[in-house]
Amino acid sequence: MVYAAADRVYPAAQRATGLGWVTGIGRTGAVVGPWLGGTLAAAGNDRLGFTAFALAGVLGALAIGLVPLARRIGHPAAAPSPAPVSAE
């Protein structure tokens, strides 16, 4: 769902860069999550796994919750791209 939201969050001129950041952060989480879970389990700290993943979820929810504020402060809402001009 975050990939689909990138279309509405980033202006057309910055959309590819924004989608790259979204993808990179998501892929990093996909690598770090299992590594962190395995590391905690191997160290005998199984109970800290829930806390670590709950903290990551809270940070993600906070970041998503701040998107409207960042849009108000930074750039206006992404407007539809203008129609191409024909060279006739």
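How many helices and strands does the secondary structure of the chain come to? In this predicted model, there are four helices and zero strands, where helices (H or I, at least four residues) and strands (E, at least two) are DSSP runs numbered from the N terminus. The order of elements from the N terminus is α-α-α-α. Residues are numbered from 1 along each chain as its sequence is written, and side-chain values use heavy atoms, with hydrogens and water left out. Local features need pLDDT of at least 70 and side-chain atom pairs count only at pLDDT 80 or more, whereas totals for chains, interfaces and linings use all residues.

Of the 88 residues of the chain, 7% are buried (under 20% relative accessible area, with exposed over 50% and partly exposed in between; 1.4 Å probe, protein chains only). Contacts (heavy atoms within 4.5 Å) between residues at least 6 apart in sequence join residues at least 24 apart in 39% of cases.

Helix 2 covers residues 15-42, and its 28 residues should span 40 Å at 1.5 Å a residue, which agrees with the 41 Å between its end C-alpha atoms; the expected span is 1.5 Å times one less than the number of residues. Buried residues in helix 2 are G18, V22, G33 and L40. Their cover includes helix 1 (2-9) and helix 3 (46-65). After helix 2 comes G44, with a positive phi near 85 degrees.

The axes of helix 1 and helix 2 come within 9 Å and cross at roughly 150 degrees. Axes are lines fitted to C-alpha atoms, for helices over the stretch in contact, and angles run from 0 to 180 degrees between N-to-C directions. The two helices, helix 1 and helix 2, are therefore roughly antiparallel (over 145 degrees; under 35 is roughly parallel, 65 to 115 roughly perpendicular and the rest oblique). Their crossing is right-handed, that is, the near helix is turned clockwise from the far one by less than a right angle. On helix 1, V2, Y3, A6 and D7 meet R15, L19, V22, T23 and R27 of helix 2. This contact of helix 1 with helix 2 has five nonpolar, one polar and three charged residues (Ala, Val, Leu, Ile, Met, Phe, Trp, Tyr, Cys and Pro count as nonpolar, Asp, Glu, Lys and Arg as charged, and the others, Gly among them, as polar).

Helix 2 and helix 3 have axes 8 Å apart and pack at about 150 degrees, which makes helix 2 roughly antiparallel to helix 3. Their crossing is right-handed. G33, L36, G37, L40 and A41 of helix 2 contact D46, L48, G49, A52 and F53 of helix 3. Six nonpolar, three polar and one charged residues make up the contact of helix 2 with helix 3.
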